[in-house]
Amino acid sequence: MATGQEPTTPPPREQQGEVPSPQQGDAPAPQQPAADDSAAVLDELQDRWRRALADLDNLRKRHAKELERVRDEERARTAAAWLPVVDNLERALAHADSDPSAVLKGVEAVRDQAIEVLRGLGYPRYEETGVPFDPTRHEVVGVVDNPDAEPNTVAQVVSPGYGANGRQLRPAFVVVSKRQE
């Protein structure tokens, strides 16, 4: 039996009040076929177990290859999004000898393009002042006593933050107005 307990045999028929008939005989039931069946079932289960382990190992290997492929594709997509920014920076540097205001406008355009690339990758820029301090979006780099501002609000943005909806690339580095006493 599969439970590990030996089968109990019923008491002899003489004890139960029955007399054995001559056709039944007193030969015990053969136990060998049951043992062979158990061994065959065990072999079958072990074979299935080994196949399942091999399938799991193949699945892990296949997943690792697929993950690496997806990472490579995403890396290439992100790099391709930045190529126009690099091209425009090189154009701005090529015109560095010309009118400084034109170069300044060109660099500002490249910066705007870079901000747009980050937004397209899911990391929009935020740099609001006057909003309540939020430790999940802001990192305090200074505190200022500003009587015109509400306490615990962003008075100045030192560096803008990038990200939204729990996907943050970098928090905004801010100066916060302190509580007035």
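**Charges along a helix**

Arginine 69 has a relative accessible area of 37%, so it is partly exposed (buried means under 20%, exposed over 50%, partly exposed in between, with a 1.4 Å probe and protein chains only). This is a predicted model, where local features need pLDDT of at least 70, side-chain atom pairs count only at pLDDT 80 or more, and totals for chains, interfaces and linings use all residues. Residues are numbered from 1 along each chain as its sequence is written, and side-chain values use heavy atoms, leaving out hydrogens and water.

Arginine 69 makes a salt bridge with glutamate 66, their closest N and O atoms lying 2.3 Å apart (a side-chain nitrogen of Lys or Arg within 4 Å of a carboxyl oxygen of Asp or Glu). Both residues belong to helix α2, three residues and about one turn apart (helices are DSSP runs of H or I, at least four residues, numbered from the N terminus). The structure holds 11 salt bridges. Another one joins glutamate 74 to arginine 77 at 2.4 Å, N to O; these two are three residues apart in helix α2, and therefore separated by about one helical turn. Through shared partners, salt bridges also link Glu66, Arg69 and Glu73 into one network.

Now turn to the rings. The charged end of arginine 137 sits over the ring of tyrosine 126, 3.9 Å from its centre (CZ of Arg, or NZ of Lys, within 6 Å of the ring centre and within 35 degrees of the ring normal). Arginine 167 lies over the face of tyrosine 123, 5.2 Å from the ring centre.
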